[in-house]
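Student: Hi! Could you walk me through this model before I start working with it?
Tutor: Happy to, let's look at it together.

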Amino acid sequence: MTAVITALSAAGLRTHRDELAALLHAVVLDGSSLGFLAGLDHTAAAAWWDSLLPAVEDGSLALWVSRTGADGAIDGTVSWYRESKPNGRHRAELRKLMVHPAARGRGTARALLAHAETEAARAGVLLLFLDTETGSGAEHAYRSAGWTEAGTIPDYATDPEGRLRPTTLFYKQLRGAHG
């Protein structure tokens, strides 16, 4: 089944906040390093999504969700944050690409990533960058999608269990790929 990807406005974020909180909870519970520790509960996950509302409202954060199941439930998300400084308006940070563990293996992550790249290029973004836990499945996904490794930082963040882990920085230039 092909992923149906839609943008979420601030109103959409408010409407789907609990569903997004459940997604975040499931992904962290599965061991993905997204800035949260094991024990993340629904209330904390929902509060985190609420904290994004001002950036979605002012347009500095672009947010998309995917639905691939027959039930139409949100099973993935990705966003990018546009740099606000005048000398960096050409770049954006890709953030929080996540796919529900039960929905993995369907091409959802690749579809979300490609969609975010296309929309970034359409918005005039020339450079996307991100960080991801070194050795994770996400690292492989970025490499296979043509992202370039910029380097690795040791002991950058803890995984959900609290163990220090390195992170790998990646970037992708969009000018040649999308326009």
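Student: How many residues does helix α4 have, and how far does α4 reach from its first C-alpha to its last?
Tutor: Helix α4 (residues 108–122) has 15 residues and reaches 21 Å, close to the 21 Å expected at 1.5 Å a residue. The expected span is 1.5 Å times one less than the number of residues. Helices (H or I, at least four residues) and strands (E, at least two) are DSSP runs, numbered from the N terminus.

Student: Before we go on, what are the ground rules here?
Tutor: This is a predicted model, in which local features need pLDDT of at least 70 and side-chain atom pairs count only at pLDDT 80 or more, while totals for chains, interfaces and linings use all residues. Residues are numbered from 1 along each chain as its sequence is written, and side-chain values use heavy atoms, with hydrogens and water left out.

Student: Good. Which residues in α4 are buried?
Tutor: They are T108, L112, L113, A116, E117, A120 and A121. Buried means under 20% relative accessible area, exposed means over 50%, and partly exposed is in between (1.4 Å probe, protein chains only).

Student: And what follows α4?
Tutor: G124 does, and its phi is positive, near 90 degrees.

Student: Let's switch to D75. Where is D75?
Tutor: D75 sits in the loop between β2 (61–67) and β3. D75 is buried, at a relative accessible area of 6%.

Student: What does the side chain of D75 make a polar contact with?
Tutor: With the side chain of S66, at 2.8 Å. A polar contact is a pair of N or O atoms within 3.5 Å; within protein, one must be able to donate a hydrogen and the other to accept it, and residues adjacent in sequence count only if both atoms are side-chain atoms.

Student: Which residue forms a salt bridge with D75?
Tutor: R106 does, with the closest N and O atoms 3.9 Å apart. The pair links distant parts of the chain, with R106 in the loop between β4 (91–99) and α4, and D75 31 residues away in the loop between β2 and β3. R106 is partly exposed at 44% relative accessibility. For the term itself, a salt bridge is a side-chain nitrogen of Lys or Arg within 4 Å of a carboxyl oxygen of Asp or Glu.

Student: How many salt bridges does the structure hold?
Tutor: There are 14. One of them joins E133 and R165, whose closest N and O atoms are 2.8 Å apart. That pair also links distant parts of the chain: E133 is in strand β5 (residues 127–133), R165 is in strand β7 (residues 164–173), and they are 32 residues apart. E133 is buried at 16% relative accessibility, whereas R165 is partly exposed at 28%.

Student: Now the aromatics. How many aromatic pairs are there?
Tutor: The count is five. Rings of Phe, Tyr and Trp (its six-membered ring) pair if their centres lie within 6.5 Å; planes under 30 degrees apart count as stacked, over 60 as edge-to-face and the rest as tilted. The rings of F36 and W48 have centres 5.6 Å apart and planes at 85 degrees, so this pair is edge-to-face. F36 lies in the loop between α1 (10–29) and α2 (42–51) and W48 in helix α2, so the pair ties together parts twelve residues apart in sequence.

Student: Are F36 and W48 buried or exposed?
Tutor: Both are buried. Ring pairs also link F36 and W48 with W49 in a cluster.

Student: Which residues touch the most other members of the largest nonpolar core?
Tutor: Of its 25 residues, those are L13, L20, L24, L34, F36, W49 and M98. The largest share, eight residues, comes from α1. Such a core is a set of buried Ala, Val, Leu, Ile, Met, Phe, Trp, Tyr and Cys residues joined through side-chain atoms within 4.5 Å.

Student: And what does W49 touch?
Tutor: Not counting residues up to four places away in sequence, W49 touches L13, R17, L20, A21, L24, L63, T77 and M98. Contact here means heavy atoms within 4.5 Å.
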